[in-house]
Amino acid sequence: MGKRTTSLHPRLVAPVAGAALLLSGCAATPDDAEPDLLLRLGHSYGTGSLQDRAAQRLAEQVAEVSGGDVRIEVYPAAQLGSWEDMQEGLEFGAVDMVIESVGSFERYTGLAAIEGVPFLYEDEEQFLEVWDGPLGEEIIEAIREDTGFLLLGQMYRGPRVLNTQRPITELADVQGLKLRVPTQQTYLDTWESLGASPMPLALSEVFSAIEQGAVEGQENPADVVRFNSFYEVAPHVTRTEHIYGNFHFQVWADAYEAWPEDLRDIVDAEIDDVSEWYEETSISEQQANVDFLVEHGVEFHEIDRAEWADATAEVLDHVDPQVADWVERIRSNDT
């Protein structure tokens, strides 16, 4: 089988070199046989997080099933740069896989705004039904056609919550709140409609930004609050559950299609297995994450979800017509 080699973009050479030293346990040693397919997988989440465990699990399973013909090197905690940097790396071959969500592609296509539409799903069950069904497949294919990126697997990450330095229980408490959000327009629109002052910022910069007072909090699922240690500087969590989402293994579609077919089939099969494990683990660990945060002094707060949903209704006025159609289908259970 032919070897796949990738040259590194100059901006990523230093981070990759440093990551190789830090992660010698999952990178090749001089005595290792060169694999037929070498893949670099990066993500922005902490070592030991569920995202990192999924990446390590995929690497281990693929290596075992392929007999070493496929090796995945895992670089956690933004060691290859922000997720924006890593996505750019997918395009020119410096990175082969990135763990991130649909919405992270919003800077490439308005179709990815489907993830950021606030208060779209009634609950976890509805979300999973949509994304395990034909509409989920339709959305993924539409994003591929529009951007060149392909989303593999579906790793349910749970609902997003509001994580702040001070308690937030009512809409009035949100007014002027300096809140870190991802670089996604629907997130900006959502929090502006709620009266906050949202600020796009790389996830790797959030802890220090909260600690220094540049922002007053961030919003993410509870596991991110835990494993990125945000609870240390923002000890309040408000159960907004404003967005439900999946992670995916993101690849550049043309590069993915160029992988040897037999090895690609192995990677696909193990991604499916890891995705199933991730969903089960994510759901089963939700309470454990809450318990951990409570034990470390975090206070949890509730909201009037209907009131907050009404306040964000105008967000739909700014989305792509195709997204608006998907939203209508989801809300009418026509999925």
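Ala, Val, Leu, Ile, Met, Phe, Trp, Tyr, Cys and Pro count here as nonpolar, Asp, Glu, Lys and Arg as charged, and the others, Gly among them, as polar. The model is predicted: local features need pLDDT of at least 70, side-chain atom pairs count only at pLDDT 80 or more, and totals for chains, interfaces and linings use all residues. Residues are numbered from 1 along each chain as its sequence is written, and side-chain values use heavy atoms, with hydrogens and water left out.

**View 1. The largest pocket holds about 320 Å³ of space.** A pocket is an open set of points on a 1 Å grid over the protein atoms alone, with protein on both sides within 12 Å along at least five of seven lines; lining residues have an atom within 4 Å of a point. Grid points are joined across faces, edges and corners, and a volume is the space filled by probe spheres set on the points. The lining counts 21 residues, and nearest the centre lie G158, P159, A222, Q286 and V290. Two or more lining residues come from each of β4, α9 (222–227) and α11 (261–295). Helices (H or I, at least four residues) and strands (E, at least two) are DSSP runs, numbered from the N terminus. The top contributor is α11, with seven residues. By class, the lining has 10 nonpolar, five polar and six charged residues.

View 2. A cavity is a set of grid points where a 1.4 Å probe fits but cannot get out. The structure holds two cavities of 30 Å³ or more. Of the 13 residues that line the largest cavity, Y45, E100, R157, R160 and P182 are closest to its centre. Strands β3 and β4 are the elements that give two or more residues to this lining. Its classes are five nonpolar, three polar and five charged residues.

**View 3. The second largest cavity has about 50 Å³ of space.** Its lining includes V102, I114, E115, G245, N246 and H248. Both α4 and β9 (244–252) supply at least two lining residues. The largest share, four residues, comes from β9. Six lining residues are nonpolar, three polar and one charged. Y121, F127, W131 and Y244 are also among the lining residues. With Y156, these four form one aromatic cluster.

**View 4. F105 and F149 form a stacked aromatic pair.** Rings of Phe, Tyr and Trp (its six-membered ring) pair if their centres lie within 6.5 Å; planes under 30 degrees apart count as stacked, over 60 as edge-to-face and the rest as tilted. Here the values are 4.6 Å centre to centre and 20 degrees between the planes. F105 lies in the loop between β3 (97–101) and α4 (124–131), and F149 in strand β4 (residues 149–164), so the pair ties together parts that are 44 residues apart in sequence. Both F105 and F149 are buried (under 20% relative accessible area, with exposed over 50% and partly exposed in between; 1.4 Å probe, protein chains only). The whole structure has 12 aromatic pairs.

**View 5. W277 and Y278 form an edge-to-face pair.** Their ring centres are 6.4 Å apart and their planes stand at 80 degrees. W277 counts as buried at 17% relative accessibility. Y278, at 0%, counts as buried too.

**View 6. R226 and F292 show a charge over a ring.** The term applies if NZ of Lys or CZ of Arg is within 6 Å of the ring centre and within 35 degrees of the ring normal. R226 lies 4.2 Å from the ring centre of F292. R264 lies over the face of Y256, at 5.5 Å from the ring centre.
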